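Visitor: I am new to reading protein structures. Could you walk me through one?

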Amino acid sequence: MSETFTHPDWGMLSSQSVVHVSAGQVITHEAGPNDMMYGPNTDAGQLTTQPFSYTVGDADVWVSNVSPLGLGEVPDAESGGVAYVLHVDSASPIDVAVTITLEDQTVWAVD
């Protein structure tokens, strides 16, 4: 188990943001043409690769204690970030990937 801070360069991320964090075991491989996807800047047509595939292995992998952080709440960062605890229950080291999704709109009120 490890506490993780990440601070992607997302200027719109704040402590009020709605974020989803997931994690899973992965199998790495050489990136090929089928691994191309649009990255975080899709308006500019930025392509990136994902040289791994998610798999359901024997290890339990999960995330808890997800907390969006605003400007000034992340150590040594110039933008907001996300804090979370990554759990990996495995007898030996495995490859794991984490996906962080930021909702476009902040919920201001719930009726």
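**Strands, core and a histidine**

Guide: From the N terminus on, the protein chain runs β-β-β-β-β-β-β-β. This is a predicted model: local features need pLDDT of at least 70, side-chain atom pairs count only at pLDDT 80 or more, and totals for chains, interfaces and linings use all residues. Residues are numbered from 1 along each chain as its sequence is written, and side-chain values use heavy atoms, leaving out hydrogens and water.

Visitor: How many helices and strands does the protein chain have?

Guide: Both are DSSP runs, numbered from the N terminus: helices (H or I) have at least four residues, strands (E) at least two. Here there are zero helices and eight strands.

Visitor: What share of the residues is buried?

Guide: Buried means under 20% relative accessible area, with a 1.4 Å probe and protein chains only. Of the 111 residues in the protein chain, 26% are buried.

Visitor: Which residues make up the largest nonpolar core?

Guide: A nonpolar core is a set of buried Ala, Val, Leu, Ile, Met, Phe, Trp, Tyr and Cys residues joined through side-chain atoms within 4.5 Å. The largest one here has nine residues: Leu-13, Val-19, Val-21, Val-61, Val-63, Val-82, Tyr-84, Leu-86 and Leu-102. E7 gives the largest share, three residues.

Visitor: Is His-87 buried or exposed?

Guide: His-87 lies in strand E7 (residues 81–89). His-87 counts as buried because its relative accessible area is 12%.

Notes: Buried means under 20% relative accessible area, exposed over 50%, partly exposed in between (1.4 Å probe, protein chains only).
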